[in-house]
Amino acid sequence: MTLHPILAALRRHKAGVVLIALQIALTLAIVCNAIFIIGSRVQRIQRPTGMDEKNLFMVTQLWVGAPTGDDKASIDKLDAMLRTDVQTLRSLPDVESAIAINSLPLTNSTWSGGIGLKPAQEHATAHAAHYFADEQTIHTLGLRLIAGRDFNAGDVHHMGVRGQNVPPIVIVTKALADKLFPGGNAVGKTIYIDRNTPSTIVGVVARMQVPSVDSWANDFTWNSVLIPTRLDGNFSRYAVRARPGRMDAAMKEARAALFAANPMRVIGDDADSSGVKSFADIRARAYRADLGMAILMGVICLILLAVTGAGIVGLTSFWVGQRHKQIGVRRALGARKIDILRYFQTENLLIAGGGAMLGVVLALGLNLLLMRHFAMARLPIGYVLAGVAAVLALGQGAVFLPARRASNVPPVVATRSV
Amino acid sequence: MLKMNHLSKVYRTEVVETYALRDFNIDVKEGEFVAVTGPSGSGKTTFLTIAGLLETFSGGEYYLDGIEVSNLNDNARSKIRNEKIGFIFQAFNLIPDLNVYDNIEVPLRYRGMKTAERKQRIMDALERVGLSSRARHYPAELSGGQQQRVAIARALAGSPRLLLADEPTGNLDTQMARGVLELIEDIHRGGATIVMVTHDPELAARAQRNVHIIDGQVVDLAEEPRFHAHAAEAAHEYR
Amino acid sequence: MFSYYLELALRSLRRSPGLTALMILTIGFGVAASMTTWSVFRAVSGDPIPWKSSKLFVPQIDMWGPAGKGGNPADPHYGDPPNALDYADAVALMRDHRATLQSALYMISPSVVPQQAGKHPINAGGHAVYSEFFPMVDAPFKYGSGWSAADDARRAEIVVISDKLNNKVFGGGNSVSKTLDIEGRDYRVVGVLGDWHPEPMFYDVSNTGGFYMSGEDVLLPFNTAIAAGMPNEGSTNCNEDPKESGFVGLQHSSCIWISYMAQLDNATAVQHYRNYLDGFARQRYPQWAPNTRLRDLMSWLDYEHVVPSDTRVSLLVALGLLIVCLVNTAGLLLAKFLRRSGEIGVRRALGAPRAAIYAQFLTEAGMIGLAGGVLGLLLTGVGVASVGLVMPKDIASLARLDISLLLTTLTVAVIASLLAALYPTFRASRVQPAWQLKSN
């Protein structure tokens, strides 16, 4: 079969051909970028924090009428309250271990600062999130220590929330260690967290994400430093690991036990700002916007493909109806059913191919626009090729029904006058 | 009623210019019944489409009812078609999606006529063509002869001053053709000017005057059989 | 005549129900997708206080100097002053009192202890503000009112509470003069706010990002809150660590944690205030050239990127979908209209002017648009109801179906269909008056 008759027929339906090709092009452009957005969001959602997230939950509470924390005595008082709470939690039957910590990955409450290699360094070498930890933090969170040692009880100090007591030792994540000391072997090296006080790295953990998932933290997502200090303020957070399978019970016990120990506190209990949250819940909330974006893009892709597919079916059906007689004549002149089917399939391939070529250009253009204004990454060519394959397949799928109807036109139609 | 002077119609393609009409002259008087004959491709239909303001022409003058139409815009031409001209097509040209009543109603709608008057005219026209009982039928449910009578009723309902017919019996058998021709003659008796394109000599003979077109030009009537010329003149005097 | 076109349109649409349904679905889905994302975008990009947003200004002062310059030099706003104030500057601006109305404010999150025994304390969100805050932002009161400048000065232990907190703690009703225990101290209620949720939350963007789910439970006098040592909630941004510890240390530091808003009634006042700010900065920070900004409210919201970029991308993509739906409808209409070129030719021959053909086919397209719009309305309803499932709650809660969204949906659907029909109708109107009904 030669292309000539198809091209001749297409020329007669210029406007229709242009419209359907344009539609395929726009569909390709949008679907490529939407799928890319879905892909990158799904990747984001699935990245591990570095903790063993199962059986982990977090308690956030606020003391009522707590000491101000402005002087040593009141800080000591706050510290005693904090330690009591941790003891209370650790003594619960369904709790395996518990710690006080200022924040956890994905909770968005970020304490961060620059880290230098020299005192009073003008520009920081790296930016990192601060986690105020103790000797049980690595164990409770399920972090993986890959070099050096863990903190021991003697390493752990305490200070007021706005205090400036930088401890002499810290543990850092591998990402941060690599950034600070590209030569490796960070253990034993000295860093400056507050520009003035030296701290020695005593250990390296494999991975620990920073609290924020917002774009401003994208530059230091895996840079965390564990500081062996209890932070004493009018509010506190506890990370609690429940015994396997005892999560719900542990969460209930924790709330009740803390209130029993000291009723003058607030532990939120509405669904949105609950003071006792499983880490699964924290993760779901943190990535809710990403998941939502992925779902929205998915829905839009589905609608787009359905609309375009239906449009191809509609327009091809119309063309088949219009060429009914012509098809009959072809059949009378010896064309087989398969020839008619091929005719319409080839026709669609030409249109969709033309549309796809324009679509590739539009897809890259749209990606550039998104890169410029919305900090999107460059669209990998694989997505574009997959998109091209998808619209070509969509075209062939959509054209099949009307084309088969065309191939079923009986040759006798040729002899009818009207 | 219809007068063309030195009229020409050229179809241009990239390679050739084809004169469909060349130095074409014709004068049809008010109330005349003229048959236009000629071989295929001679320009009969082109003449009729120009006469019916369906197409524009390339040069010359065309007076319709005393008005020079070459400078009229599309709206004015539509208005003249609607109010003064009735068409009968060889292929009937009924709109398949509309029933008989609605088909006849189409030109009256564009004239902005009141519902009651439209109804009156449609029923009258249907009665004249003998299809009163078929008002709610669709074209596909009627025979060819009946369809053509509906087309005639559609032309009739608008009481046109000029009726243009293109091979009105071309798709019909003899029996049906006779009925259609009688209707056309009936309309003529009512005072309308009739221009009918046909290649059927028997049909042409029923007209008052015959115009023969060959290669886009009117052939001198003197060469036509005297009988026709006399008949035409006689008819004219009779009126 | 219009009724004739309506009749013809209905007849034509009924004749090819499949194609008609396809077009209605296309328009419906396209419009619903864009209207759903629009409802979100509209909520987050709207003017929270349209009647006076042009009179509200946010001053910025560079208290850190060249050393505090951060960020990317390619950023168009590189070198701008920080987006909040430190305590000393905020208090000094209040003392100078150069605007018609003004207020420094900071976010607080104290606990409130209900009177009834056995009830756990609750955490209340709110702000510490000056007396002029209430008239400046036109906060509506259900009972009572704000407080006076004198109350500011004498650090009165008074509070304005939300209707919600009023119901929770006092069981509703006029609670003015009742006493509320906040962080163990007694405050006298002077006002109960009416229903007030400005969106975006415009007066403390640097702490809320523009979305404040909990809403204002308590509003305390600024000086009172400072005196009571009620620490700030939300972000604290430091160029240098405070030299002293605690909340008092924060007040003595150059850390920024205070928002500020001023009302300036005309261009002259704005110009005067700009000059004043420059003078203020020159006097307080003689080490570097004065670096100040004074942005009006809408520019400020834009500057602070209150509209999340996801929302913009969604809207963009949904608009793309609408365009595809338009092109699709245009193709189908073209096929549908040109299939009837025979009919058009006959109509033209029978005297229909071009305008009549336009009217006939645009009426048909308009009806598809209307039907698509009605379907779009239903789908938009579903869409808006389910944004909560896919978007962050604080933003999703802002999207709602109202009369203006309903009308916009219908209008967009009809206009979209008419646009899609423009070229097909043009083609239809170009069909020559026909001598023959083409039979192919």
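How many residues does the contact between chain A and chain C take from chain A, and how many from chain C? The contact takes 53 residues from chain A and 57 residues from chain C, where contact means heavy atoms within 4.5 Å.

## Ground rules

This is a predicted model, with local features needing pLDDT of at least 70 and side-chain atom pairs counting only at pLDDT 80 or more, while totals for chains, interfaces and linings use all residues. Residues are numbered from 1 along each chain as its sequence is written, chains are lettered from A and ligands numbered from 1 in the order in which they are written, and side-chain values use heavy atoms, leaving out hydrogens and water.

## Where A meets C

Of the 2 pairs of chains that touch, A and C have the most contacts between them. About 4,400 Å² is buried between chain A and chain C, with carbon and sulfur atoms giving 70% of that; buried area here is the accessible area (1.4 Å probe) that two parts lose on being put together, summed over both.

What about charge? The count between chain A and chain C is 1 salt bridge, a salt bridge being a side-chain nitrogen of Lys or Arg within 4 Å of a carboxyl oxygen of Asp or Glu. Arg41(A) and Asp310(C) meet in a salt bridge at 2.8 Å, N to O. H8(A) gives the most, with 18 residues. Helices (H or I, at least four residues) and strands (E, at least two) are DSSP runs, numbered from the N terminus. By class, that side of chain A has 30 nonpolar, 14 polar and 9 charged residues; Ala, Val, Leu, Ile, Met, Phe, Trp, Tyr, Cys and Pro count as nonpolar, Asp, Glu, Lys and Arg as charged, and the others, Gly among them, as polar.

## Where B meets C

Chain B has no contact with chain A, and the closest C-alpha atoms of the two lie 10 Å apart. With chain C it's another story: 26 residues of chain C are in contact with 27 residues of chain B. The area buried between chain C and chain B is about 2,500 Å², and carbon and sulfur atoms give 57% of it.

This interface has 5 salt bridges and 9 residue pairs in polar contact, both residues at pLDDT 80 or more. Helix H1 (2-15), H13 and helix H14 (354-390) of chain C each supply at least two residues of the side of chain C that touches chain B. The largest share of that side, 7 residues, comes from H1(C). Its residues divide into 14 nonpolar, 5 polar and 7 charged.

## Charged pairs up close

Over all chains, the salt bridges number 47. One of them links Arg348(C) and Asp74(B), whose closest N and O atoms are 2.7 Å apart. Arg348(C) lies in helix H13 (residues 341-349) of chain C and Asp74(B) in helix H2 (residues 74-84) of chain B, so the pair joins two chains. Arg348(C) is buried, at 0% relative accessible area, whereas Asp74(B) is partly exposed, at 22%. (Buried means under 20% relative accessible area, exposed over 50%, partly exposed in between, with a 1.4 Å probe and protein chains only.)

Arg109(B) has a salt bridge with Glu105(B) at 3.5 Å, N to O, and another with Glu7(C) at 3.3 Å, N to O. Both Arg109(B) and Glu105(B) lie in helix H3 (residues 100-110) of chain B, 4 residues apart, about one turn of the helix. Arg109(B) counts as buried at 11% relative accessibility, and Glu105(B) is buried at 5%. Salt bridges that share partners join Asp102(B), Glu105(B), Arg109(B), Arg118(B), Glu7(C) and Arg11(C) into one network.

## Nonpolar cores

The largest nonpolar core has 97 residues, and Met297(A) and Phe344(A) have the most contacts inside it. A nonpolar core is a set of buried Ala, Val, Leu, Ile, Met, Phe, Trp, Tyr and Cys residues joined through side-chain atoms within 4.5 Å. Helix H2 (residues 14-46) of chain A gives this core its largest share, 16 residues. Apart from it lies another core, of 54 residues, among them Ala90(C), Val192(C), Met230(C) and Cys255(C).

Key
Polar contact = N/O pair within 3.5 Å; in protein donor to acceptor, adjacent residues only side chain to side chain.
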